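Subject: Handover of a structure and notes on its contents

Dear colleague,

Please find below the structure that I am handing over to you. My notes on what was found in it follow directly after it.

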Amino acid sequence: MIQVALPAHLRTLAAIHGDVSLEVKGQATIRSVLDALEARYPMLRGTIRDHVTQQRRPYVRFFACQEDLSHEPPDAPLPAQVVSGAEPFFIVGAIAGG
Amino acid sequence: MSKVRVLVGTHKGAFVLESDGKREHWDVSGPHFGGWEIFHVKASPVDPNRLYASQCSGWFGQQIQRSSDGGKTWQPVGNKFTYDGVPGTHQWYDGTAHPWEFKRVWHLEPSLTDPDTVYAGVEDAALFRSTDGGETWQELAGLRGHGSGPHWQPGAGGMCLHTIILDPADPQRIFIAISAAGAFRTDDGGQTWRPINRGLHSEYIPEPTAEVGHCVHHIAMHPSRPGVLFMQKHWDVMRSDDAGDSWREISGNLPTDFGFAIDVHAHEPETIYVVPIKSDSEHYPPDAKLRVYRSRTGGNEWEPLTKGLPQSDCYVNVLRDAMAVDSLDACGVYFGTTGGQVYASADGGDSWAPIVRDLPAVLSVEVQTLP
């Protein structure tokens, strides 16, 4: 099971307590993890990536295993530690704004 | 006894303020959606417990929330606003072509007859409608497509469709306003539209009497007289007696005719309220005195209303959707400020008192009069 850590505002929006455990069919990628996340929590559609273009929103970043994965191709495989559930996949809101 | 519910959208959440008909003691609940910008909250006129809220964030985009219990609990509904067809371009601030991009919902206007039908005015300017309680949204593309759309240009706050008025006497007629394109009207339920800006004069645009390009800030109508419209333009307070076909200035003796909010008394269609603001570069009241101005003559002759409002060192603004009236007798008038106060008058504006003083900056105020 892949563990996904969400920013507080999105946890509140989707009424999620703690991290999300997701089973991802096929290869685990940023796209397939977000597909599974949005399928379980439809209200998150449009909050992390654009509804139509599927582009990551500008003030949202992806991290795992101490690496910034925000600019990785959406279909690139995620690190093995994320796939095994040993390390979470972090969805982070940028520290910016007011 | 009747009750009043005030729906307040702020820079960091929504608040629901409730009182009995005396309007002296208020219960404050919130923040709902704390930390998110709540541009607007509005109730269905046919189901007072059905509320819609526009929730947005620079990080996570747009959400629409729906309540079926008067704001106690909320449910996120559809947030997919996709322009119809190829969106095309409008003018950017420098006059170059810029693609239409959805940013946020400024105003939600529930139908006068169906609680599941609601209109949304969005930035970049377009009008959307949902007929399933906000689950899905479809653009009424005839507005952007009527011809002048490529010439629209954003105001300083963005190119927003901020005003939606449904004609209670004619279900096919809708008025909308866009900064900085102007006012528009449909007479066929939103299929076709035309600009209704004749008589507006804006010295700051290349052609001051152009068909489009005017920075209309807000429009108000009394439901008993849907052909009479009152407008607060960027500069100038205006009036139309022919459903927007022509406008004339009614600024009269106002200390400044710049401002954002305008509304009409619930029982006196010739009594209107504005909050003059010093200028477009100084968004605070003239002389640092917060004054509502009331005209009982449909414009031109205005009296300042100051009792209970700060008359020194006041530098707040009152935004375009941040004034509303209840329908009790005497009419209650409400407005919110960028300083976080919501002021209420239970006597038609003669005297005022703050309901709350320390909310985040207020973006919108709506009022429900409940049995």
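I begin with one pair of residues: in β19(B), B:V216 has B:K233 as its bridge partner. The model is a predicted one, in which local features need pLDDT of at least 70 and side-chain atom pairs count only at pLDDT 80 or more, while totals for chains, interfaces and linings use all residues. Residues are numbered from 1 along each chain as its sequence is written, and chains are lettered from A and ligands numbered from 1 in the order in which they are written.

Strands of chain B

The pair above belongs to strand β18 (residues 216-221) and strand β19 (residues 229-233) of chain B, which run antiparallel and are joined over five bridges. Helices (H or I, at least four residues) and strands (E, at least two) are DSSP runs, numbered from the N terminus. Two strands are said to pair if DSSP finds at least two bridges between them. Strand β18 of chain B is mostly covered, with six of its six residues buried. A residue is buried if 20 or more other C-beta atoms lie within 10 Å of its own, exposed if 12 or fewer, and partly exposed in between, with C-beta atoms placed from the backbone.

On one side, strand β15 (residues 174-179) of chain B pairs with β16(B) in the antiparallel sense over five bridges. Within this pair, B:I174 faces B:T186 of β16(B). The two strands β15(B) and β16(B) make a hairpin, with two residues between them. Strand β17 (residues 194-195) of chain B also pairs with β16(B), in the antiparallel sense and over two bridges. Here B:F184 stands opposite B:P195 of β17(B).

Chain B as a whole

How many helices and strands does chain B have? Its secondary structure comes to zero helices and 30 strands. A compact globule of 371 residues would have a radius of gyration near 21 Å, and the 19 Å of chain B agrees with this. The radius is taken over C-alpha atoms, and the globule rule is 2.2 Å times the number of residues to the power 0.38. Along the principal axes, the C-alpha atoms of chain B fill a box of roughly 50 × 45 × 40 Å. Of the 371 residues in the chain, 54% count as buried.

Nonpolar cores

A nonpolar core is a set of buried Ala, Val, Leu, Ile, Met, Phe, Trp, Tyr and Cys residues joined through C-beta atoms within 7 Å. The largest nonpolar core has 108 residues, and those that touch the most other members include B:V6, B:I219 and B:Y334. Beyond its neighbours within four places in sequence, B:V6 is in contact (C-beta atoms, placed from the backbone, within 7 Å) with residues including B:L17, B:Y334 and B:V367. Another core, of 22 residues, lies apart from the largest one, and among its members are A:V20, A:L34, A:F89 and B:W59.

Helix α2 of chain A

In helix α2 (residues 30-40) of chain A, the residues A:I30, A:V33, A:L34 and A:L37 are buried. They lie on the same side of α2(A), because they cover an arc of only 95° around the axis; the arc is that of the directions from the helix axis to the C-beta atoms. The buried residues of α2(A) pack against β1 (2-5), β2 (20-22), β3 (60-64) and β5 (89-93) of chain A.

The contact between the chains

Chain A gives 14 residues to the contact and chain B gives 13 residues. On the side of chain A that touches chain B, the largest share, three residues, comes from helix α1 (residues 8-14) of chain A.

Backbone details

Most residues other than glycine have a negative phi, and most peptide bonds are trans. The peptide bond between B:S179 and B:A180 is cis, with omega about 5°, and B:A180 is in the loop between β15 and β16 of chain B. A further cis peptide bond leads from B:D329 to B:A330, with omega near 10°. A:C65, a residue other than glycine, has a positive phi near 50°. This residue is found in the loop between β3 and β4 (67-68) of chain A. A:C65 counts as partly exposed because it has 15 C-beta neighbours inside 10 Å.

With kind regards

Notes: Two residues are in contact if their C-beta atoms, placed from the backbone, lie within 7 Å.
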